[in-house]
Each structure stands twice: as structure tokens, then as C-alpha cells.
Amino acid sequence: QLQASGGGLAQAGGSLRLSCKASGFIFRLNSLGWYRQAPGKQRELIANITSGGITNYAESVKGRFTISRDNVKRTLYLQMNSLKPEDTAKYYCNRPSPWGDAWGQGTQVTVSS
């Protein structure tokens, strides 16, 4: 239902854009989010966006990352600028649901110093 892509290797200060293509639910009516998990750490929510387009960010990415959505393309995006080595993690898109969250398969982002 959620297919993430766009990860890769970037240098510190560089940019990447992640995409998450959705299927199987009414995309425009759902809040969505991006999580990340670094080795040895818990998965953390870094950004989310409501069906109405209201966004929230973790302090660690605020001002550098931008979450957005295209309801026609059924795609969630995460624009990541000014990347830091500590942004290295596997990134997951998420659709929260009281009946069980849906997760993408994850896409690896590695930032070199």
C-alpha cells in the first residue's frame, strides 16, 4: 500500500527527495507521516501532514525538511535539505490508523561528512 523511494547517498549539506506512492485507501482523506530509524535507535516520527495540509516536524529536522503531498498522484514527499551525517537512517512512510498503521518498506538515506 505504501512504496517509498528516493533514498541514497548524499554529502553533508546536500539534498535528497523521498517519495511514497500510496494505493489501496482514500489517499486524500488520510494523515500521513515520515519516520526514520537509525541503527541501534528507536524509530522516530520526523514529519507528518494532515489531510488538510497542516504539517508538523520534529525539532531535529525543522527548517531543513519539508513534507508535502500530491493527492492527484497519491504520493507523499519529503524534501531533505542541509543534510547532516546524523540524518543517516532508514526512512519509512506511514499511514496511521486505529485498525493498524500501514508502513512502507523503507528507503535508506546515508549522509557522508
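Modeller: Let's start with a term: buried means under 20% relative accessible area, exposed means over 50%, and partly exposed is in between, using a 1.4 Å probe and protein chains only. Before we go on, this is a predicted model, where local features need pLDDT of at least 70, side-chain atom pairs count only at pLDDT 80 or more, and totals for chains, interfaces and linings use all residues. Residues are numbered from 1 along each chain as its sequence is written, and side-chain values use heavy atoms, leaving out hydrogens and water.

Now pick out T75. With a relative accessible area of 8%, T75 is buried. T75 sits in strand β8, residues 75–80 (strands are DSSP runs of E, at least two residues, numbered from the N terminus). The side chain of T75 makes a polar contact with the backbone oxygen of K73 at 2.9 Å (that is, a pair of N or O atoms within 3.5 Å; within protein, one must be able to donate a hydrogen and the other to accept it, and residues adjacent in sequence count only if both atoms are side-chain atoms). Leaving out residues up to four places away in sequence, T75 touches S19, C20, K21, F27, S68, R69 and D70, where contact means heavy atoms within 4.5 Å.

What about the strand itself? β8 belongs to an open, antiparallel sheet of 4 strands, in the order β1-β3-β8-β7 (two strands pair if DSSP finds at least two bridges between them). β1 (2–5) and β7 (65–70) are at the edges with a single partner strand each, so one side of each has no neighbour in the sheet. Between β3 (residues 16–22) and β8 there are 6 bridges, in the antiparallel sense; in one of the pairs, R17 has Q79 of β8 as its bridge partner.

The torsion about the S-S bond of C20 and C93 is about 70 degrees, so the disulfide is right-handed. C20 is buried at 1% relative accessibility, and C93 is buried too, at 0%.

Note on methods:
Disulfide = S-S within 2.5 Å.
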